[in-house]
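Subject: Structure handover

Hello,

Please find the structure below, with notes on what was found in it after that.

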Amino acid sequence: MKKIFSLFLIISSLPGIAQNIQTPLQKNSYSKPSSYEELSAYVHQLALSSKLLNVETIGQSAKGRNLYALKFSSSEFGKDKSKIKILLFAQQHGNEQSGKEGALLLAQELLKPENQYLFDRIDLVIVPQMNPDGSEINKRLNGNEADLNRNHLTLTEPETVALHHLFDKYLFEVTMDVHEYFPFGDAWKKFGYRDNTDEFIGPVNNPNISENIKDLANQSFLPFLKKYMADKHFTNFIYSPGGPPGINYIRHSTFDINDGRQSFGILNSFSFIQEGINGKDSFADNIRHRAEGQMTGMRGLLEYAYLNKEKIKTMVANDRKELTQNTPGSIISIQCEHVSNGEKLDLPVHSYYSDTDSIYTVVDYRPVVKSLTDIIKPEGYLIPKKLKDVTDWVDRQALKKTSVNLTSSDRIEQYKIEVIDSIDFEGDNIVNPSVISKDYPSQISSADYIYVPAAQLKGNMLVIALEPKSMLGLVTYKQFAYLLKAGEEYPILRVVKK
Ligand SMILES: [Zn+2]
């Protein structure tokens with residue numbers, strides 16, 4: 001009897017036994033998504049079952065629910081510099097349940113013996129549920145009524161702050177933000193077709209992000225993922241929002257840097273958004289296929305990163321060096337638009353009329369992000385200490401800052417806001433001030449300012465955030481709109497070399 005008991009102990013402590021722990025969705029026979037309580041119990045149970053996994057609470061939601069990070073490592077997380085660090089996060093939008101379910105399935109999958117080879121080369125964090133408050137009531141926004149996926153620049157919400165704090169700690173080379181898209185809208189129904197892709201994948205496209213990263217994503221990873229998913233009977237296509245044709249153009253993801261994909265992309269990370277197909281009318285509709293599709297896309301990224309670890313690590317390290325070293329004097333795009341390059345897009349669709357899958361050739365297709373306005377990157381910015389909400393923002397973004405210590409080779413520039421016009425930004429009208437730049441007329445009092453250098457990892461983000469004419473800048477947010485006043489000087493100063 002004693003012998004049998006100890007044998008049982010040995011078996012239950014073997015790696016791989018975790019595959020017997022079901023996700024809440026599986027336990028519920030795919031009838032309803034995991035609740036926050038079920039998710040909490042599951043991730044802790046899973047962590048107890050394997051040495052590869054630790055669960056950490058990285059923060060709390062607006063309403064005080066825990067945000068969990070599932071840290072997978074075969075050694076001490078983040079310590080082995082030869083490994084590639086990957087961050088996957090899901091369900092920023094609480095009514096997009098399949099990302100969370102896919103992440104929970106993936107956690108289980110990764111502990112199976114046949115998948116553990118990944119951790120020879122990868123340290124992985126999965127944050128399965130960014131928005132537990134929204135999830136509990138199947139609602140897009142968080143507990144403060146904020147859209148978390150528009151909050152990665154201003155970082156006013158506890159959920160995005162927690163995620164960026166986690167990122168800053170480990171500087172993940174690869175990230176993926178997992179969402180759902182809704183193809184069943186009325187405009188498309190009227191058009192007669194709808195999007196018909198299990199998993200859309202969106203690479204970075206802001207013009208200020210390294211071209212190397214975009215090239216590797218578009219030319220190497222996307223074809224890899226398409227095949228990887230097809231082998232597992234899922235369809236995959238580059239994320240192509242907009243339309244329907246005839247009413248609106250089709251483009252790729254936003255060039256804004258306030259989302260989960262591009263806020264890490266602007267730090268020259270190998271970053272993506274994944275958009276799984278939403279359910280038709282209820283959040284449990286087809287949830288098994290949707291969750292498995294989301295899992296398979298994430299798993300495909302892990303496989304690619306495993307196979308291309310050295311290439312990605314070297315590329316990201318070099319492109320980040322560009323940001324931290326010789327940046328002043330380089331060109332930064334602060335206004336852009338989506339334009340055509342003459343190509344047409346063969347979009348996978350489903351016909352409402354014939355109830356069959358088909359391909360629709362989109363003529364008004366604008367895949368290129370073109371810069372409309374470039375500026376020269378300064379050495380840094382002088383921010384008046386009395387602009388407390390801007391200096392607080394500097395702290396939330398964990399930007400490097402120093403006290404003011406200018407030399408005789410530095411020159412201070414100030415913008416005057418002449419008139420405030422508007423410009424189209426992906427269908428919205430936003431502020432477009434006319435500005436003139438001039439030398440600051442007098443000495444500044446060092447004690448009144450903080451200095452934020454542009455040569456840092458977040459340097460391009462800093463410039464895009466602080467330039468008054470930037471269509472992605474702080475001034476486009478209500479909270480910071482007061483910084484722009486027609487006929488007055490812009491209070492944040494630029495430091496350039498003479
Ligand atoms: Zn979403």
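How many helices and strands does the secondary structure of the protein come to? The count is 13 helices and 20 strands, where helices (H or I, at least four residues) and strands (E, at least two) are DSSP runs numbered from the N terminus. This is a predicted model, in which local features need pLDDT of at least 70 and side-chain atom pairs count only at pLDDT 80 or more, while totals for chains, interfaces and linings use all residues. Residues are numbered from 1 along each chain as its sequence is written.

Overall dimensions

The radius of gyration, taken over C-alpha atoms, is compared with a globule rule of 2.2 Å times the number of residues to the power 0.38. With 498 residues, a compact globule would come out near 23 Å, and the protein has 24 Å, which agrees. Along the principal axes, the C-alpha atoms fill a box of roughly 90 × 60 × 40 Å.

Of the 498 residues, 46% count as buried. A residue is buried if 20 or more other C-beta atoms lie within 10 Å of its own, exposed if 12 or fewer, and partly exposed in between, with C-beta atoms placed from the backbone. Two residues are in contact if their C-beta atoms, placed the same way, lie within 7 Å. Among contacts in the protein with a separation of 6 or more, 76% come from residues 24 or more positions apart.

Domains

The protein is divided into domain 1 (18-324) and domain 2 (378-497); the bounds come from an automatic or database domain assignment. Their C-alpha centres lie 32 Å apart. Contacts between them involve 14 residues of domain 1 and 17 residues of domain 2. On the domain 1 side, helix 6 (158-170) and helix 11 (309-324) are the elements that give two or more residues. Helix 11 gives the most, with 3 residues. The residues on this side divide into 7 nonpolar, 4 polar and 3 charged. Here Ala, Val, Leu, Ile, Met, Phe, Trp, Tyr, Cys and Pro count as nonpolar, Asp, Glu, Lys and Arg as charged, and the others, Gly among them, as polar.

Two open sheets

Strands of a sheet pair through backbone hydrogen bonds, either parallel or antiparallel. Two strands are taken as paired if DSSP finds at least two bridges between them.

Strand 12 (residues 345-351) is joined to strand 13 by 6 bridges, and V349 stands opposite S358 in strand 13.

Another open sheet has 5 strands, ordered 18-17-20-16-19 and also antiparallel. Strand 18 (428-439) and strand 19 (449-453) are its edges. The twist averages 35° from one strand to the next. Strand 16 (residues 380-384) and strand 20 (residues 493-497) run antiparallel and share 3 bridges; G380 has V495 as its bridge partner in strand 20.

Helix 13

Helix 13 (residues 459-466) is mostly covered, with 8 of its 8 residues buried. Among them are M461, L462, V463 and I464. The buried residues of helix 13 pack against helix 11, strand 11 (331-339), strand 16 and strand 19.

Regards

Key
Axes are lines fitted to C-alpha atoms, for helices over the stretch in contact, and angles run from 0 to 180 degrees between N-to-C directions.
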